[in-house]
Amino acid sequence: MRRWPVLGLAGWAALGAAAALGLFSRGFLLTRVELPERSGCGLPGGWRGGPGAAAAGGAEGCWLRRRFPRAVLVLIDALRFDLARGRLPALRRPRPAHGRLFRFRADPPTTTLQRLKALATGALPTFVDAGHNFASRALHEDNLLRQMAGLGKRVVFMGDDTWAGLFPDAFARAHFFPSFNVKDLHTVDDGILQLLYPTVDSGEWDLLIAHFLGVDHCGHKHGPDHPEMAKKLSQMDTMLRTLVDHLANDTLLIVAGDHGMTSTGDHGGESEEEVNAALFVYSKAPLFQSPPPQEPETVPQVNLVPTLALLLGLPIPYNNIGEVMVDLFAVEGDATVSGLHQLAAYVLNAQQVNRFLHSYSLAAQDLPAEKLQRLQDQFSSAVKGYDRLLAQPGPPARSEVERLQSRFSRYLREARAMCAESWARFQPACMVAGCALLASSCLLCCVASWAANDSSFSYRHLLAYPLLWGLVGATVVGLAGLLMDWAGVDFILVSAVAAAASQGGFFWHCWARRRPWRSCSAAARLSSGEASFRHQLRAWLGPALPWGILLLRCGAMLSDSFVMAEAQVAPFLLSSLVLLLVVRLHWEGRLEDSPASRRLLGWLSVVLACARLSGLFWQCREETPVCQSSSLLAPLSTLRDPQAKNFSYMLCVAVLVAVVWGVRAWLRHYGNLNSPSSPVLFVRWGFPLLAVCIGGYWAITSGAEEALGKAHAWVQLALVAFPQSVFVLVGTGFLLLLWDPVTVFVKDSQGVDLAGGPILCPSSQEELQQFIPQVYRRMQESLRSRPDETKVAAYGLGSVYSAALLTCLALLGFLLLVLHSERLSLAFALLFLQAFALLGMHASAMALTSPADPFVVPWEALIGWALAAAQFFYATGHQPVFPAIQWNAAFVGFQQGHGAPLIPALLVGANTFASHILFAVGCPLLLLWPFVCEMPSARSKTRMGNSEEHLMEMRLREAPERFSAALLQLGLKYLLVLGLQMLACVLAAMILRRHLMVWKVFAPKFLFEALGFMVSSLFLLVGLALVMRVDCAVSRWFKRVILAQPR
């Protein structure tokens, strides 16, 4: 078997698709240019000042005379507006002139990192920034904290450690607390409360920031309506009351939420519950001159930046596009004088935004010229009107002041709208190139899988040479970028060029070597032409039906309704596919009254039942407010009825017992459990120990959350020890399986004596591959010629490949089970049962059709396998949206959090793409299972002396080159199915990029589909590599058998 070329070609195809996705992402996932300029104390735009203007660099402030020398910013993470309005009485206590509550509207994505960037810079983070939410990078744009530090102001921080990555050198003093452990409701808040009041009283600060996380974590853990949320909000209310008592008269207090939360406590999207946060502004000195409106005013979050900057006497950050909250700049006395002070704030804000638009248009050149010119005319006209107002000899009319305020306000809002629209501009060239490269990768999989059947297939011409082409292309582009100092040349571009060049080399070599393949296809057409029309129709309908199902799913990607309802559509398409398979077999007259037919119908009923039952585990999307998520997704700790909790726990433990018993029963049935190898010993003893550890962990986590927090030290230790023991045991099992994957028991009574004389020992690996079938058959002949003298019996040799794969899948299953909530183990039980039934249907269908080439896996099996992976993505409680990510998986075995983002990312990724992992690793079973099911007896043993021997998987060893070609073809066909679905998703995102639901539906779907494709590709290679590792070990085993025969 050619092992490395097979892995190399499959991996190359997967990497080409990954490069295409990276290139498409560059054009689709929007970014904006970050300008390096900073605002200084000099007035912007050459403006010479007006009412309230301050001398540049003076003690009273920059640009505008400061109103407050210091401020306290209290960020209560995920403080939704209705929670603040109804459940924080401290925000309703101040008199109207001293404090006011606003509806603080966040821009999506509503993740903490993006909101912090907006609150510091006044700019709009783009969608692609959501990927950095848990790996924050230093913020290089001009921001409020940098302005404070540049003017020698002291900034003191306490709370969420996300600020440490964003502003590494901005704080005079900082007290960071770990933020990622959403199960921890109190560590951050209690730590802040110990420091907050002494710090306020010390006065050694100019800006004090306190970022509380308890409300956000409580929402993630319990939801906004849980009693724990009431306790946490009561704690925040008490904190605010006490803080107000400690404030001086010249201090501004700002209480804000960075985003809201859904009814389940999640955030990240753009629903009304997520974008509506709360903002409260307070001062002991009179702050507002006008009465508050009946309904709180809605304020965009970016508006806080210019407001706070001018109130503290700071320059507005250079990249700000927010609008000042003009009510905060009114002064006591005459209304006209107060209006002029407000107008001065507007003018400064407009000058700063106009300067930014001019600089950005030169740097990025993506602002629409017509809109930019119209805004420039609007700004110039408003400034001229303001100059005329100041030039008047007497006091201006109040109406004229208000009219100018309205003009500047309209300019600022239209400028913000234009920027938001411009930063939604895509790069069509990158998107089209990415789509073309992905389509080329799919075509490569198709052509290579077809060509792999041909005897003239050359890995040298179709793998080595194209890879050299790609290396040359990447080298040329990289060197050109270095020599010409191209700013756009980076890893994504170089990898895309390398993939395109290598694929071009592949297609060129295919065209140059097309003659033998053309003759083969001509012969196939000739033979098919001689067949009857009925046979031709049958041959055409074979792949047409599954391909129709696949193309239906791909085409439906263009519908946002389909994407939102895919949890129901995926099992429907799978059920339709298996039913059509049975109908086709019946129409062809193959579904007769036979054991194979009865088995096929039995497996069909199991698949349909599992598809139906998997719908019990549904997770609702935020776009369907009338939907209610399944209670089976919630952990056992949420159950209040002890009997229901105990019953559910016993069902979950039964799943663990069933997995252990099922794997051991299968291995025992086929003789692999008799082997003394280390993986078999691990199956005997390690699997029950894994079940005990997971069951013990579930027993502890199923207790009430309040009880866990007050549990003894040994219980806290068990919360870490049990899952980490699972991780260690699973890792040990994998190492043992890789070390000795041959689970064969050899019974040798009198030494090896093969009929026909000794076989010469092969001198090379190639000769050994040819000798293995001879050895296997000579063992049969030896025992058939002397049935009373059984020399050698090899138990489990006919299922040695499948045994290794099943053991690997069981290990992965245990690992993934511990990362999910307890009752989702029932969904995993359905997953394993349905996968087993699909394999049974596939083997029965192969037995009924008796294909000419049993090494070729039919398309219906591969497409059904891919649909099952998609089905159980949803059936394990997931949705392709950010709020549905199960972040709790990051803390399984790590209750105290993590020091680096790699481990939590791997744990959350494994939780999210569990079905992709299992079905990708198990994909080679589609090739192996029909051979395993070839033997009807109760035990598969290579025991010679029977009149007829079923070779099972040893038939694969009769043609090692054909075996490797079949594995390559299987991997490429599965990649083709996944790639076509990915291509449909990419095309939908590109075509519908201006759709109303693009960022709510299509963009998250693209991201999850792309990650799922890469995870599936990686673990498909793992499955293929495991089969090849077993094949290598089997070769060595046969070599030992040959060397042991008498000379």
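The model is predicted: local features need pLDDT of at least 70, side-chain atom pairs count only at pLDDT 80 or more, and totals for chains, interfaces and linings use all residues. Residues are numbered from 1 along each chain as its sequence is written, and side-chain values use heavy atoms, with hydrogens and water left out.

Helices (H or I, at least four residues) and strands (E, at least two) are DSSP runs, numbered from the N terminus.

**Helix α1 with α33**

- Helix α1 spans residues 3-28 and packs against α33 at an angle of about 5°, with the axes 9 Å apart. Axes are lines fitted to C-alpha atoms, for helices over the stretch in contact, and angles run from 0 to 180 degrees between N-to-C directions.
- That angle makes α1 roughly parallel to α33. Angles under 35 degrees count as roughly parallel, over 145 as roughly antiparallel, 65 to 115 as roughly perpendicular and the rest as oblique.
- On the α1 side, the contact includes Val6, Leu9, Phe24 and Phe28. On the α33 side, Leu968, Leu972, Met982 and Met990 are among the partners. Contact means heavy atoms within 4.5 Å.
- The contact of α1 with α33 has 15 nonpolar residues, 1 polar and no charged. Ala, Val, Leu, Ile, Met, Phe, Trp, Tyr, Cys and Pro count as nonpolar, Asp, Glu, Lys and Arg as charged, and the others, Gly among them, as polar.

**Helix α22 with α28**

- The axes of α22 (residues 642-669) and α28 (residues 825-849) come within 9 Å and cross at roughly 25°. That makes α22 roughly parallel to α28.
- The crossing of α22 and α28 is left-handed. A crossing is left-handed if the near helix is turned anticlockwise from the far one by less than a right angle, and right-handed if clockwise.
- Leu651, Cys652, Val655, Val659 and Trp666 come from α22. They meet Ser825, Leu826, Ala829, Phe832 and Phe836 of α28.
- The residues of this contact are 9 nonpolar, 1 polar and no charged.

**Helix α29 with α31**

- The axes of α29 and α31 (residues 914-921) come within 8 Å and cross at roughly 155°. The two helices are therefore roughly antiparallel to each other.
- α29 passes α31 in a right-handed crossing.
- Trp865, Ala868, Ala869, Phe872 and Phe873 in α29 meet Ser915, His916 and Phe919 in α31. By class, this contact has 6 nonpolar, 2 polar and no charged residues.

**Cavities**

- The count comes to 7 cavities of 30 Å³ or more. On a 1 Å grid over the protein atoms alone, a cavity is a set of points where a 1.4 Å probe fits but cannot get out; lining residues have an atom within 4 Å of a point. Grid points are joined across faces, edges and corners, and a volume is the space filled by probe spheres set on the points.
- The largest cavity has a volume of about 250 Å³. Its lining has 19 residues, and Arg553, Ala870, His916, Glu1009 and Gly1012 lie nearest its centre.
- α29 (859-875), α33 (960-991) and α34 (998-1043) each supply at least two residues of that lining. α34 gives the most, with 6 residues.
- The lining of the largest cavity has 11 nonpolar, 4 polar and 4 charged residues.
- The second largest cavity holds about 100 Å³ of space. Its lining residues include Leu73, Leu116, Trp163, Ile209 and Leu308.
- The lining of the second largest cavity has 12 nonpolar residues, no polar and no charged.

**Arginine 92**

- Arginine 92 lies in the loop between α2 (81-87) and β2 (99-105).
- Arginine 92 and phenylalanine 280 are 188 residues apart in sequence and 9.7 Å apart in space, C-alpha to C-alpha.
- Arginine 92 touches Arg85, Gly86 and Arg87, not counting residues up to four places away in sequence.

Terms used. 1 Å grid on protein atoms, 1.4 Å probe; cavity = no way out; pocket = protein on both sides within 12 Å on 5 of 7 lines; lining within 4 Å.
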